[in-house]
Amino acid sequence: MGVYLNPGNREFYQAVRSKIYVDKTMLIAHTNSVLDTEQKYISVSRPRRFGKSIAVNMLAAYYGRGCDSRELFSNFKIAKSPTFEDHLNKYNVIRINMRNALTRGKTVEGMIAILEKMIAMELKKECRTVEFSGIDFMSYLEDAFTQTGIPFVFIIDEWDCVFRVFPRDTNEQTQYLDYLRFLLKDQSYVALAYMTGILPIKNFP
């Protein structure tokens, strides 16, 4: 399933060393501008093969505390941005590929259970000085934020897979949307939520 918390920069490193790489690092200048604002929720909907996953890996490499990406970004446009140093590798990043999680969990309930278990385990390893209350998953995030002062950047790839796997199951869709809303909306521990998908943006029930 991979690393969910602060996954590092190896995947972006591989992308920039490939024969064809287009510098899209100024996307970071935009995400920096909306950190900790009411505009911190970003959803990107594009067809497949439009570089969504590379952007996800780039943001994880830039924000995540699990690596030092200064040299990796040094030759790209973002390195000249006045906000480059302000946010470089200073956040706890949670990166999730929802399609992979749903494949393993089979249902939305199963997917959520797997994600919460795995991320909670990684939080305990990463934040050894934090005293976790253990009430529920959100309390783990709240405890980590309040005791360390380090907010979270959520990067969610293929957030809309539930609607493709369960196109007519409104119960699964509603459960999923309610969970995302409870996890992200108006939560003090969220500095940024960046989600990618391939469905057109529309109003779901």
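Which residues does Lys 124 touch, not counting residues up to four places away in sequence? In this predicted model, the answer is Phe 132 and Tyr 140. Lys 124 itself is found in helix α7, which covers residues 108-126. With a relative accessible area of 44%, Lys 124 comes out as partly exposed, because that value lies between the 20% and 50% cut-offs. As for Lys 40, 84 residues apart from Lys 124 along the chain, the C-alpha atoms of the two are separated by 26 Å.

Now for the charged pairs. Side chains of opposite charge can pair when their charged atoms come close. A search of the whole structure turns up nine salt bridges. Several of the residues involved join up: Arg 99, Glu 158, Asp 160 and Arg 164 are linked in a network of salt bridges. Within it, Arg 164 pairs with Glu 158, with the closest N and O atoms 3.0 Å apart. Arg 164 also forms a salt bridge with Asp 160, and here the closest N and O atoms are 3.2 Å apart.

How accessible are these partners? Arg 164 counts as partly exposed, at 27% relative accessibility. Glu 158, by contrast, is buried, with a relative accessible area of 10%.

Another of the salt bridges joins Lys 185 and Asp 186, whose closest N and O atoms are 3.8 Å apart. That still counts because the limit is 4 Å. Asp 186 is exposed, with a relative accessible area of 64%.

How values were computed:
Residues numbered from 1 in each chain as written. Predicted model: local features only at pLDDT ≥ 70, side-chain atom pairs only at ≥ 80, totals over all residues. Heavy atoms only, no water. Helix = DSSP H or I, 4+ residues; strand = E, 2+ residues; numbered from the N terminus. Buried < 20%, exposed > 50% of the residue type's maximum accessible area, 1.4 Å probe, protein only. Contact = heavy atoms within 4.5 Å. Salt bridge = Lys/Arg side-chain N within 4 Å of Asp/Glu carboxyl O.
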